[in-house]
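Colleague: Could you take one part of this model and examine it closely, setting out how its elements pair and how their side chains are placed? Please then relate that part to other features that deserve a careful reading.

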Amino acid sequence: MGNCLSITDPSLVVSEKILKALPVETPFKFPSPLPTFPQGNGFAKRTIDIGGLEVSQVSTFNKVWSTHEGGPDNLGATFFEPSSVPSGFSILGYYAQPNNRQLFGWVLIARELSSNTLKPPVDYTLVANTESLKIKQDGPGYIWQPVPPVGYQAVGLIVTTTSQKPPLDKLRCVRSDLTEQCESDTWIWGTNGVNVSNLRPNIRGTQATGVCVGTFTWQPQNSSPPSLSCLRNTKLNFFTMPNGSQIGVLFNTYSPLIYLHPDEEYLPSSVNWYFSNGALLYKQGQESNPTPIESNGSNLPQGGSNDGSYWLDLPIDKKAKERVKKGDLQNTKAYLHIKPMFGATFTDIGIWLFYPFNGPARAKVKFINLPLGRIGEHIGDWEHVTLRISNFTGELWRVFLSQHSGGVWLDACDLEFQGGGSNKPVAYASLHGHAMYAKPGLVLQGDDDVGIRNDTAKSKKVVDTGLGYEVVAAEYEGGGVVEPPWLNYFRKWGPKIDYSVDDDVKRVARLLPGALKKAFVNFAKKIPDEVYGEDGPTGPKLKGNWSGDEK
């Protein structure tokens, strides 16, 4: 998406010094150019036929208007018009992003492949005049919603610096049967009751047809948001998805490095190593006679549901159990799940790591750090990182880092990269809990300086996912992947651990003086269920994000 920016309005009232100080004035560039992809299918061809429309990503912009307060880091936001639009293509809406990061983004443009799929608006409605907001800005901005002809939908807004309505031929509306409902996604900017967000399709998943346009919505307080839609891929044949050799190039380019904490004792491993080193399959009613597991999981029950009839556990022998709990970094493997997103205009590469054991949690109570006994322990731990890659260009757009029962999306411009000209992002796995974070340090699950510690740091213990990986699933015809038997084991990867949470909480509380004891006890009542970790987890295929979007 290698963004380009030009500033064409000489009447901006904010000083040049302020503009130069904003990160958004510098287009983001990856450390290295994109690779050349092997030929095949429609991947990385710059345009995509979504049925009736040919669409393309534009990441070159002319700045229109900026605010200089509110939003992330109170630095404001900037609104852009797409530029360098090829002949025959039409603008569908403008782009916006926060000022606190480098310019990195895109919007779709479109041209007709059949008649009457695009039409100009019949009018514009003024959504906002920012003069009334009384904020630092480049003079007033005017936000306009296109009024579409009957049978058509607007998919983006226009921004101007004058009260005069934009020309009707400035952009196009889309025939209604080629659109879907959309919703707010990430927050861009807000102040005085106004909020600006990116848009995404309401329904998202491997078979969903909604296509993200890259435009934004403007939501005034106590008012309905503008009526906007996203696009629909009515030709969802997955022709734009990468083939096997293209996936190899993509992962060699973007495979993340995951740093473990220097004090981490519970390391990841491959599934095959875990099975070959004594992991056992238990069946309800036959607990005294567990079954050793074949190295590829071929004797695991297939399909069904998580009905409690089977579960996995560590070896019975005490020494073997302690050894297997600690994993084996040299035998770690990343398991890749390739899936289409946003109507096959993007490819998600889900990168799954297996840990034989999740270690105990630690608490921070003001200035005191305390171990929480067995709270947080469970056998079998699946964590993942997801790469979201443009099928227009093959460029990495976002990375999802899983964190306990949720996680966070980060745009590529907000990531740390390995260094040395590498386009490989870096993530940090928290001590014992293995939640993924973008930066080293402490993230506290709690508030008022009381909570569960998530400590991360760079160390010599690192998982280079590109050195040992296996593609285990592809959610489209032509993916050509044979799924390993263990992937279709739908029961728990660990037993239910019986221990008294109340006893552990009381034991920790006894160590604290009055005010700190009260703060800790109040926090303990709000500890999320996933932190307690008494029950073993299910495998990747039973997670909601397997066929849907990330949370």
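**A hairpin and its surroundings**

Modeller: Strand 31 and strand 32 make a hairpin in which six residues separate the two strands, and within the turn His432 has a positive phi of about 75 degrees. The model is a predicted one, and the description that follows should be read on that basis.

Strand 31 covers residues 426-429, and strand 32 covers residues 436-437. The two run antiparallel and are joined by two bridges. Strand 31 is also joined to strand 20 (residues 257-260), here by four bridges and in the parallel sense. Tyr428 takes part in both pairings: Tyr259 stands opposite Tyr428, and Tyr437 is the bridge partner of Tyr428 in strand 32.

How do the side chains of strand 31 point, and are they buried or exposed? Val426 and Tyr428 point one way, whereas Ala427 and Ala429 point the other way. All four of these residues are buried.

Six strands form an open sheet of mixed pairing, in the order 30-29-28-25-24-36. Strand 30 (406-411) and strand 36 (469-474) are the edge strands, each pairing on one side only. From one strand to the next, the twist averages 25 degrees. At one end of that order, strand 29 (residues 396-403) pairs with strand 30 over six bridges in the antiparallel sense. Within this pairing, Phe400 stands opposite Trp409 of strand 30.

Over the whole structure, a search finds 37 aromatic pairs. One of these is the tilted pair of Phe346 and Trp397, with 5.0 Å from centre to centre and 40 degrees between the planes. Because Phe346 lies in strand 25 (residues 346-358) and Trp397 in strand 29, this pair ties together parts that are 51 residues apart in sequence. Phe346 is buried, its relative accessible area being 1%. Trp397 also counts as buried, because its relative accessibility is 8% and the cut-off for burial is under 20%. Phe400 and Trp409 form an edge-to-face pair, with centres 5.4 Å apart and 65 degrees between the planes. Of these two residues, Phe400 counts as buried at 1% relative accessibility, and Trp409 counts as buried at 18%.

Elsewhere, one aromatic cluster is formed by Tyr274, Phe275, Tyr335, Trp352, Phe354, Trp382, Trp486, Tyr489, Trp493 and Trp546.

Gln246 lies in helix 2 (residues 244-254) and counts as buried, because its relative accessibility is 0%. Its contacts, neighbours within four places in sequence being left aside, are with Pro38, Gln39, Gly40, Phe43 and Met241.

Notes
Residues are numbered from 1 along each chain as its sequence is written. This is a predicted model: local features need pLDDT of at least 70, side-chain atom pairs count only at pLDDT 80 or more; totals for chains, interfaces and linings use all residues. Side-chain values use heavy atoms; hydrogens and water are left out. Buried means under 20% relative accessible area, exposed over 50%, partly exposed in between (1.4 Å probe, protein chains only). Contact means heavy atoms within 4.5 Å. Two strands pair if DSSP finds at least two bridges between them. Axes are lines fitted to C-alpha atoms, for helices over the stretch in contact, and angles run from 0 to 180 degrees between N-to-C directions. Rings of Phe, Tyr and Trp (its six-membered ring) pair if their centres lie within 6.5 Å; planes under 30 degrees apart count as stacked, over 60 as edge-to-face and the rest as tilted.
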